[in-house]
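Trainee: Could we go through this structure together? I would like to understand the words used to describe it.
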Amino acid sequence: MTSPTAPPSLALDAIRGSAIRDLLRITERPGVLSLAGGLPATELIPVDRIAAAADRTIGEVTALQYGPSLGVQRCREAIADLSGCDAAQILVTHGSQQALSLVAAALVNPGDTVIVDDPVYVGALQCFQAVRADIVALPITASGTDTAGLESLLRTGVRPRIVHTVSNFHNPSGITASTATREALASLAQEYGFFIIEDDPYGALRFDGVPIDPIPGERVIRLGSTSKILAPALRVGWMQAPPTIIAMIERLRQSADLCGSTLCQLMAADLLSDSGWLAGHVDGLRTEYRRRAESLVESLHRHLGGRIELNAPQGGMFCWARLPGVDTSALLHAAVTEGMAFVPGSAFAVTADFGEHLRLSFATLRPPLIDEGVRRLTAALDHE
């Protein structure tokens with residue numbers, strides 16, 4: 001008996017598949033050391049503290065009921081306290097990816113221009129492809145979004161609805177937008193009337209120094225998540241935006257899933273509002289991820305020497321590297337044969353050529369396995 005088929009919708013047909021999600025199937029194979037997906041370290045998830053939050057929360061009968069489309073008030077208040085804003089500016093979503101999808105659907109019509117960094121966070125690209133936006137990519141600079149290039153486009157008459165960027169420890173490039181870039185983006189948004197999506201799942205994972213203030217202004221929609229600092233399975237993300245935008249998204253959200261999980265949001269509120277515990281937990285994450293990042297950089301230099309170019313990560317979860325003269329998409333097949341995986345740079349390309357690049361995640365594995373993964377990568381490269 002054959003399965004029924006149907007032609008895809010125009011929205012589905014516009015979405016490019018995610019090589020990263022496809023790679024997760026490969027990394028489930030026994031013996032494969034994955035430096036591919038941006039997964040937090042499983043052993044660093046605070047299982048006992050989450051269990052305690054679950055025990056307290058499950059006793060509330062309201063935790064098992066439908067909740068408001070905006071999100072549970074207690075959770076919104078905890079997030080607002082962390083973000084330094086009013087709870088009226090917070091809408092809780094099923095992970096920050098849903099927030100991004102809802103913003104795209106609420107603000108972008110087919111054919112509207114959306115500007116992204118190149119290389120791009122693939123999840124953002126898919127959201128904008130789904131609403132059939134005209135996607136324009138600007139090569140990311142060492143200071144973040146190319147605001148000079150953006151201003152040149154604006155002066156030619158291009159009028160984007162949205163400019164999207166991962167502001168801290170950009171996925172995949174690892175770049176953090178400078179204060180000057182953030183201020184320039186805000187100024188251009190005010191002058192030309194577009195919205196900025198400041199995607200920030202990694203900002204808390206800064207290894208050293210003082211955090212840079214978020215992009216200022218009233219035309220900024222900031223996205224955050226508990227996935228990288230607590231646990232992905234909580235599926236608690238949020239957007240911070242002016243109340244007028246929040247009201248629009250709330251209405252659209254009702255057509256998507258009515259509301260999020262009251263149980264998970266109350267658990268997240270318990271964790272996020274425990275400020276002393278949270279600060280200590282995140283500090284521990286930063287310390288360990290720094291150790292793993294340094295291990296990755298040391299292993300890459302030791303095994304590959306002058307064959308690889310990279311900038312040492314200053315935070316986040318990724319190292320963006322280049323192997324001059326190497327097709328990393330082809331290299332991936334050899335690497336999987338050797339028992340390791342990474343994401344080839346072409347997976348993040350919009351218009352630029354990143355065929356010699358690769359993204360390596362240092363978060364998931366301990367240093368000895370990171371070193372073994374790099375050794376296997378080197379073996380794959382030697383056999384190419």
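Trainee: What makes helix 11 and helix 13 count as being in contact?

Mentor: Contact requires heavy atoms within 4.5 Å. In this predicted model, residues of helix 11, including E288, R291, L296 and L304, meet residues of helix 13, among them P367, I370, V374 and L381. By class, that contact has eight nonpolar, four polar and six charged residues.

Trainee: Why is helix 11 called roughly parallel to helix 13?

Mentor: The axes of helix 11 (residues 275-304) and helix 13 (residues 367-383) cross at roughly 30° and come within 9 Å. Angles under 35 degrees count as roughly parallel, so helix 11 is roughly parallel to helix 13. Their crossing is right-handed.

Trainee: How do you know that strand 6 is largely enclosed?

Mentor: Buried means under 20% relative accessible area. Five of the five residues of strand 6 (residues 195-199) are buried, so the rest of the structure largely encloses this strand. Both faces are covered, with F195, I197 and D199 on one side and I196 and E198 on the other.

Trainee: What makes strand 5 and strand 6 a pair?

Mentor: A pair needs at least two bridges. Strand 5 (residues 160-166) and strand 6 have five, in the parallel sense, so they pair by that definition. H164 stands opposite I197 in strand 6.

Trainee: Why is one side of strand 9 and of strand 12 left without a neighbour in the sheet?

Mentor: Four strands form an open, antiparallel sheet in the order 9-10-13-12. Strand 9 and strand 12 stand at its edges with a single partner strand each, so one side of each has no neighbour there. Two bridges join strand 12 to strand 13, and V343 stands opposite R359 in strand 13.

Terms used
Residues are numbered from 1 along each chain as its sequence is written. This is a predicted model: local features need pLDDT of at least 70, side-chain atom pairs count only at pLDDT 80 or more; totals for chains, interfaces and linings use all residues. Side-chain values use heavy atoms; hydrogens and water are left out. Axes are lines fitted to C-alpha atoms, for helices over the stretch in contact, and angles run from 0 to 180 degrees between N-to-C directions. Angles under 35 degrees count as roughly parallel, over 145 as roughly antiparallel, 65 to 115 as roughly perpendicular and the rest as oblique. A crossing is left-handed if the near helix is turned anticlockwise from the far one by less than a right angle, and right-handed if clockwise. Ala, Val, Leu, Ile, Met, Phe, Trp, Tyr, Cys and Pro count as nonpolar, Asp, Glu, Lys and Arg as charged, and the others, Gly among them, as polar. Buried means under 20% relative accessible area, exposed over 50%, partly exposed in between (1.4 Å probe, protein chains only).
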